[in-house]
Amino acid sequence: MNAPVNVKAGKGALPAREKLVVIGNGMAGCRAVEEVLSRDGDRFEITIFGAEPRVNYNRIMLSPVLAGEKTFEEIVINTPEWYEENGITLVSGDKVVQIDRATQTVIAASGRVEPYDRLLIATGSDPFIIPVPGKDLDGVVTFRDLDDVDKMLAAADAGQARGGGSAVVIGGGLLGLEAAHGLSLRGMKVTVIHLMPTLMERQLDEAAGFLLRSELERRGQTILTGANTKEILGKDGKVAGVRLEDGTEIVADIVVMAVGIRPATGLAKEAGLEVERGILVDDHMVTSDPAVLSVGECVQHRGLCYGLVAPLWDMCRALADHLTDQPTGYTGSVTSTKLKVSGIDLFSAGDFSGGEGCEDIVMRDAARGIYKRVIVKDNRIVGAVLYGDTADGSWYFDLLKKSEDVSDIREALIFGQAFASGGALADPNAAVAALSDDAEICGCNGVSKGQVVSCIAGGAHSLDAVRASCKASASCGSCTGLVESLLSLTLGGEVESGPATMCKCTSFTHDDVRALILDKKLMSIPHVLQELHWSTPDGCASCRPALNYYLLCAWPGEYVDDQKSRFVNERMHANIQKDGTYSVVPRMWGGLTNPRELRAIADVVEKYNAPMVKVTGGQRLDIFGIKKEDLPAVWADLNAAGMVSGHAYGKSLRTVKTCVGSEWCRFGTQDSTGLGVKLERMTWGSWMPHKFKIAVSGCPRNCAEATIKDFGVVCVDSGYELHVGGNGGIKVRATDLLCKVATEAEAMEMCAAFIQLYREEARYLERTAPWIERVGLEHVKQKLARPQAIAAYAARFHYSQTFMQDDPWAKRAAGERADLHQHLATVRPVDGAFLMEKA
Amino acid sequence: MMYGDWLDIGPVGQIEAGTARTLPVEGLKDGARRELAIFHTLRGEFFAIENRCPHKQGPLSQGIVHGDVVTCPLHNWNISLRSGRALGEDEGCVPTIPLKVDAGRLYLLRAAVLGEADEVAAPVPEAATVKD
Ligand code: SRM
Ligand SMILES: Cc1cc2nc3c(=O)[nH]c(=O)nc-3n(C[C@H](O)[C@H](O)[C@H](O)COP(=O)(O)OP(=O)(O)OC[C@H]3O[C@@H](n4cnc5c(N)ncnc54)[C@H](O)[C@@H]3O)c2cc1C
Ligand code: SF4
Ligand code: FES
């Protein structure tokens, strides 16, 4: 099928017919002809030019051909016989190179000149090639036609012969992933390089992208997101690999560029037709020249260019109606996408980016790997993203296209058509009431409706009670809504509410989330959101920092801190001020300082024109009014004098206040200053649920105010009294005495153990005072009663500290995350032009 | 409308998803200066707005980004990146600047950058994603 097929129009054609010439023997061009023929088979004498040396085939099925699921013969749409029977002249393997509108002729590469009465341009699109060095090397291919597939297959075969080849696919969109899938089925080791953080970001939100990525990785592909190709490396004129912006190099025998497409408008533009991104057409697919029409991916209609087939069918209908004098008009299409990778169910339609007035309805079923999100605006579905279960995709798409009012079925919408379909079942309670007694409610634990109802009747009057007694909704939680419906159906208004949930994004409490992170070994925020069925796509400003802390606390060695989930102060390692500048507080261990440090601080104040420097309430100095751009330089200067971050900005250890103690004070019983310094050296840098303050006083006169600190030490003749849970802030609380120990070493170990217990048990943004009020001092005492337990908590703290104790300022001063401190650029308008200065 | 005069401000890769970066504009009429914040959301969209919270001028570029909303770092107002409007109970609006992405680069509507285009910029900036 690869040789040019030229079909001559049969004899006996009526000479009086209008001449229709089609440029592009592809999906739109041929479909348009089919539509015209079905309306009026005798009206036109038709010639089709095709650059490809073959008949028209189903381009979208090239992916299954690459994957070995179909042969080329199986995807041919129009056979040579079709052209013949319909009297169509097919000129294949001969590209049209010019349109002469004055003489109404087209000229092909072979020199063939063809006159037309009506011309149809259906040239489709060209793959976009990113302009990097090496793009012209042998082995760099695109994914557009059968020749491309043949090149990929040849590379896979050659690799196979050598015992396994490698392929790099640039572009993690629909095309790129289908290419990657095919190549990997053909035995190649595949790496996908994607510029954006989420695969198929045009069709998928972050949550679905995460699931897709996990699945592809599970299948052995390497997925690099946020990766920018810098260069394609070659050897002897052939592709050898790819180098990324960050220096990473990946070996490759073949590089597939699938970064996007551009409407093929060259011919039209040269012919003087109006072209923007695509060839401009009106609702009847007529270009700026009434004799010239255009359909397919090459057109721009009402401002839009399309890259999928569904719109083509509608365009072709409107075109044929117009050509046969019964104009109807095309008004644009809403598109939906499915990925053709076997075993991966994925559907996306409409606008899923959310926005003003949009409401997200999210359902996640981690056990079955399902994520569904429907976006509703003004009571109408405007978008849907489905992963794992796409059965209702067409139903949602239908509602979307018809712009149907869904307010009546709103509550049950996300459960799909079966639940939400019409009438009495529209109310979710009614839908649940209508279920039979043995309908399964909780898939994870195999609990039927009858069992849930009898467990409620047996006294389980809250969601938690149901979870505890019959396990329904106790695992993945996706049936929570169903169980709640059953509760209100069975009990009327008497449902008891459980403890407050973490935030509006989840029905789990802080404690649930922490337990599940450990239980299910959840290691990243997207992973938590999916497994725990978050009802928002990417959380909110309240749960994201909490999750980041919980993950950091659970997996100190493994978890990669998510800077973008931190409040500005922790991200910038300084305190933001009301004017947007920052204050900088270097650590002064135990409140001690020396001339070198004081000199460095004085120098910084002068060098950066800091408007104020102040002694804080935490026994150290605070430099105010530093711009974010200057922070790294300020830190470098302070580092040079041996000072590190004071974490005055963090949910972390703040200060350790001390008094002068036995070394100088006439009443001092122990070296409170020395112990304070040791405690600060041990605990600095650790992240906590909230800020944490320590003080050590040398005697019960308590000059360091140790009894209003989170952990306070009051030295006495016989040893050290250890106090916990104090707070001097909004609600003053004096500490409780935890215990008394004899040695400094014991005081230090207890401090470490207490902090770790607090880190593991308190909720995010709960200081020690409210935490102890909630759980009771007895609970803390009991947890820290046995020496082995104390040792175990302390050991976990020390382990975690091995990862936390490196000065964040030093890394930033050395250039890490410069993007956080630099402007993108500075813009200065000069005489109407712009001057851009890069940072 | 979308073919006005666009200012190229560089490749998309400069802004980590889920964060924003700033773009000062100096030497405006009467020597004025303004600062823009260019956001890249976790859903891969880009937005440009003025870097001043309608509440008390907090630097919005420094807030936590979730969905197409940024939470101001000073007093936690939630601002829609799409419309510039404060959400929930709060009332206020920050100017948005039409932005488009083409072949991996970011473009801002020139007139809006200069602050001369409040009438031109009336349509909400089109959700911009990398490949179009
Ligand atoms: C700088 C300082 C005031 C001063 O000039 O002395 C200060 C400044 C702030 N305090 Fe404080 N507190 C400072 C010592 C204290 C103390 C005294 C102490 O630590 O001995 C207390 C009472 C003790 C306590 O915490 O129990 C204190 C209780 C608070 C509270 C109330 C906490 C509470 O649990 O009720 C807040 C609000 C909060 O954290 O949510 C707060 C919050 C703040 C914030 C972070 C407000 C904010 O969010 O922007 C201020 C940051 C200013 C900045 O940019 O640096 N600050 N703050 C002190 C810095 C100490 C240091 O060296 O790190
Ligand atoms: C691998 C792959 C998978 C896809 N999967 C899907 C999918 O799952 N769902 C979906 O909706 N869409 C999919 N698409 C997109 C779909 O194939 C296109 O939207 C559709 O083919 C566009 O039709 P068209 O006629 O405009 O362009 P084409 O089908 O590309 O036809 C244009 C034809 O014109 C020819 N031509 C161009 N210039 C000239 C010239 N000067 N002279 C003569 N001939 C010329 C070209 O050689 C080509 O054969 C996929 C595309 C590819 C490549
Ligand atoms: S007391 Fe209030 S005003 Fe003073 S620093 Fe603390 S938070 Fe700011
Ligand atoms: S300045 Fe933004 S919330 Fe106050």
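Here are a few notes on this predicted model, for someone opening it for the first time.

1. Start at ligand 1. There are 21 residues around it, and those that come nearest are A:Gln577, A:Thr616, A:Gly617, A:Lys691 and A:Gly728.

2. Next, have a look at the oxygen atoms of ligand 1. A backbone N or O atom of A:Gly617 lies 2.4 Å from one oxygen atom of the ligand. With A:Arg620 it's the side chain that takes part: one of its polar atoms is 2.7 Å from a ligand oxygen.

3. Now for the aromatic rings. Over all chains, the count is 14 aromatic pairs. Take A:Tyr57 and A:Phe72: their ring centres are 5.3 Å apart and their planes meet at 65°, which is over 60, so this pair is edge-to-face. A:Tyr57 belongs to the loop between strand S2 (44-50) and helix H2 (62-67) of chain A, while A:Phe72 is in helix H3 (residues 72-75), so the pair ties together parts that are 15 residues apart in sequence. Both A:Tyr57 and A:Phe72 are buried.

4. Another pair to check is A:Phe347 with A:Phe397. Here the centres are 6.3 Å apart and the planes stand at 70°, so this one is edge-to-face as well. The pair links distant parts of the chain, 50 residues apart: A:Phe347 is in strand S22 (residues 346-350) of chain A and A:Phe397 in helix H10 (residues 393-402) of chain A. A:Phe347 and A:Phe397 are both buried.

5. Rings also gather in a group. A:Phe692, A:Phe711, A:Phe754, A:Tyr758 and A:Trp771 form a cluster linked by ring pairs.

6. A:Arg681 lies over the face of A:Trp589, 3.9 Å from the ring centre. The charged end of A:Arg701 sits over the ring of A:Phe667, at 3.6 Å from its centre.

7. Finally, is A:Ile755 buried or exposed? Its relative accessibility is 0%, under the 20% cut-off, so A:Ile755 counts as buried. You'll find A:Ile755 in helix H23 (residues 744-761) of chain A. Apart from neighbours within four places in sequence, A:Ile755 is in contact with A:Thr683, A:Met688, A:Phe692 and A:Phe797. A:Asp710 is 45 residues from A:Ile755 in sequence, yet their C-alpha atoms are 9.2 Å apart in space.

How values were computed. Residues are numbered from 1 along each chain as its sequence is written. Chains are lettered from A and ligands numbered from 1 in the order in which they are written. This is a predicted model: local features need pLDDT of at least 70, side-chain atom pairs count only at pLDDT 80 or more; totals for chains, interfaces and linings use all residues. Side-chain values use heavy atoms; hydrogens and water are left out. A residue is near a molecule or strand if one of its heavy atoms lies within 4 Å of it. A polar contact is a pair of N or O atoms within 3.5 Å; within protein, one must be able to donate a hydrogen and the other to accept it, and residues adjacent in sequence count only if both atoms are side-chain atoms. Rings of Phe, Tyr and Trp (its six-membered ring) pair if their centres lie within 6.5 Å; planes under 30 degrees apart count as stacked, over 60 as edge-to-face and the rest as tilted. Helices (H or I, at least four residues) and strands (E, at least two) are DSSP runs, numbered from the N terminus. Buried means under 20% relative accessible area, exposed over 50%, partly exposed in between (1.4 Å probe, protein chains only). A charge sits over a ring if NZ of Lys or CZ of Arg is within 6 Å of the ring centre and within 35 degrees of the ring normal. Contact means heavy atoms within 4.5 Å.
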